[in-house]
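Please have the sequence and the model at hand while reading.

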Amino acid sequence: MLEVAGLEKTYPTGDHALRGVSLRVDGPDAVFIIGPSGAGKSTLLRCINRLVEPDAGVIRLDGQEITALEGAALRAARRGMGMIFQEFNLVERLTVMENVLSGRLGYVSLWRAWRRRFPSEDVEAAFTTLARVGLAGFENKRADALSGGQRQRVGIARALVQRPKILLVDEPTSSLDPKTSEAVMALIVELAAEEGIPALVNIHDVPMARAFARRIVGLNDGRVVYDGPVDGLTPEVLERIYGGTPEVAR
Amino acid sequence: MWPRPWMGPVVWTAGLGFLVWSAVNLEVSPERIARGLARFGAVAARAFPPDFHRGGLLAEGILESVEIATLSTLLGTLLGIPVAVLAARNVVALPVYAAGRGAITLARTFHELIVAIIFVKAVGFGPLAGVLTLTVNSLGFFSKLLAERIETIDRGQIEAIRATGASRGAVLLYGVLPQVLPRIIGLTIYQWDIHLRQSTIIGIVGAGGIGATLYNAFSRYDYDFALAILLVIVAIVLVGEGVSALARRSAQ
């Protein structure tokens, strides 16, 4: 269970990204966060695993107060959160297998990581997960030799081998063509359900959110302006979420 | 351009005056240059044909130079990688960065001959002083350029590795190192190429290598032997350049 309460973030540039965001995710459900660019969607996800340091507020994951952790304890908590990125963020010059296994870096010693000696169960899990995302046989290809869709599948596999308690998914399809986008999004939702874990999915594409979501959280200017079922996305609600934003930026 | 109109003529006059005074003080005159050129002709005439009779001495000196160059390149890379990390603003905190940059600036301050003199005083004549000299030289050059490369790496890859709960060391190993590895290889080879050249000169101040042999040949007026040494240096530098070009191409 994820609990976010009163999250605040202002960047040193003066950009007030989050203004008291609160939300709860109880079950293994995919929650889609929509909102115009600059609404604070990315900041919210990055505050949850503390890649970005929130100024105020509390984050709890399965009872553990993430916002109170430092150093090694924080890194241990990050292992429990798998992140998937808009630009995939694979290590381009490493192989697919190395990229997937990097999801286990929080569990192995530096010496083992250096020699690429991951425990055999990790390697097995990596093979299984790669097959599950449709990339069996790609293990030894270099990441920069893959297509966009394939890269994102590697990104998904890397997040999954962490055995996370939650998936943080940041605009996973913005760098993909429409057809690939749909397949990748379907895969993410499916895998989260299979693993029985919740997923927080940032997305700017409202039709895509409608197609996959049950619950929608609408962010506008750092505030939650809607939190409810996808059926509640009436034109008035959308106006509240995207209010004042020109159509093209939605 | 000038804050006051009278400043222009004053600065120009002063600058010109300094140039003239320098030429007079250093006794730079066309006549002396002409005389020197004539003497150079005489030296060149005595240098031909090059004398390769003392091949053993020559080979020994050259081999020592190559050894100094290679060993110092290796040491310079091993020490230079951590220093470069410490001097990259995007991976370390500001005070560490300042210290790292400081070390690099210090290593770059003095010409290698000055560094060589200091090391000869410290560890005595011989190749050890040469190895230490060129290692310091590496630190300045290699670390500076590698640090600049590290500062331009893709942050997304680092972010992704951090997000897995990886330690700082693991982030360096998986997020940073793969991105800069081609640069490390390229710089190391380039560094070796440079060191090959430098290792032929530091012998003049006693830091080992062919330089001492060359200096002695000149001071004993063995111009033919000196020419032989110079020819071998040219050859070795050309070979080094070829090897480094090949190696860099295959490291892409």
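## Chain A: overall shape

In chain A, 68% of the contacts with a separation of 6 or more are between residues 24 or more positions apart; two residues are in contact if their C-beta atoms, placed from the backbone, lie within 7 Å. This is a predicted model, in which local features need pLDDT of at least 70 and side-chain atom pairs count only at pLDDT 80 or more, while totals for chains, interfaces and linings use all residues. Residues are numbered from 1 along each chain as its sequence is written, and chains are lettered from A and ligands numbered from 1 in the order in which they are written.

Chain A holds 9 helices and 10 strands. Helices (H or I, at least four residues) and strands (E, at least two) are DSSP runs, numbered from the N terminus. The C-alpha trace of chain A spans about 55 × 40 × 35 Å along its principal axes. Its radius of gyration is 18 Å, which agrees with the value near 18 Å for a compact globule of 250 residues; the radius is taken over C-alpha atoms, and the globule rule is 2.2 Å times the number of residues to the power 0.38. Of the 250 residues in chain A, 46% are buried. A residue is buried if 20 or more other C-beta atoms lie within 10 Å of its own, exposed if 12 or fewer, and partly exposed in between, with C-beta atoms placed from the backbone.

## Strands of chain A

Strand E3 (residues 30–34) of chain A is largely enclosed by the rest of the structure, because 4 of its 5 residues are buried. E3(A) runs parallel to strand E8 (residues 199–202) of chain A, with 4 bridges joining them; two strands pair if DSSP finds at least two bridges between them. In this pairing A:Ile33 stands opposite A:Asn202. E3(A) also pairs in the parallel sense with strand E9 (residues 215–220) of chain A, over 4 bridges. Here A:Ile34 is opposite A:Gly218.

An open sheet of 4 strands in chain A has the order E2-E1-E4-E5 and antiparallel pairing. Strand E2 (16–25) and E5 of chain A are at the edges with a single partner strand each, so one side of each is left without a neighbour in the sheet. Strand E4 (residues 56–61) of chain A is joined to E5(A) by 2 bridges, and the two run antiparallel. A:Arg60 has A:Glu65 in E5(A) as its bridge partner.

## A buried loop residue

Where is A:Leu135 found? A:Leu135 is in the loop between helix H5 (120–132) and helix H6 (148–160) of chain A. A:Leu135 counts as buried because 20 other C-beta atoms lie within 10 Å. Apart from neighbours within four places in sequence, A:Leu135 is in contact with A:Val96, A:Leu130, A:Gln150, A:Arg153 and A:Val154. A:Val96 is 39 residues from A:Leu135 in sequence, and their C-alpha atoms are 9.2 Å apart.

## Chain B

The secondary structure of chain B consists of 10 helices and 0 strands. The C-alpha trace of chain B spans about 75 × 65 × 35 Å along its principal axes. The radius of gyration of chain B is 24 Å, whereas a compact globule of 252 residues would have one near 18 Å.

Buried residues account for 38% of the 252 residues in chain B. Among the contacts of chain B with a separation of 6 or more, 72% join residues 24 or more positions apart.

## Where the chains meet

The contact takes 21 residues from chain A and 19 residues from chain B. On the side of chain A that touches chain B, helix H2 (71–79) and helix H4 (110–114) of chain A are the elements that give two or more residues. H2(A) gives the most, with 4 residues. The residues on this side of chain A divide into 10 nonpolar, 6 polar and 5 charged. In this count Ala, Val, Leu, Ile, Met, Phe, Trp, Tyr, Cys and Pro are nonpolar, Asp, Glu, Lys and Arg are charged, and the others, Gly among them, are polar.

In H2(A), the residues A:Arg75, A:Ala77, A:Arg78 and A:Arg79 are buried. The cover over the buried residues of H2(A) includes strand E5 (64–65) and strand E6 (81–84) of chain A, together with helix H7 (155–163) of chain B.

## The nonpolar core

The largest nonpolar core has 133 residues, and A:Ile188 and B:Ile229 touch the most other members. Helix H6 (residues 127–150) of chain B gives the largest share of this core, 11 residues. A nonpolar core is a set of buried Ala, Val, Leu, Ile, Met, Phe, Trp, Tyr and Cys residues joined through C-beta atoms within 7 Å. Not counting residues up to four places away in sequence, B:Ile229 touches B:Leu58, B:Ile210, B:Thr213, B:Leu214 and B:Ala217.
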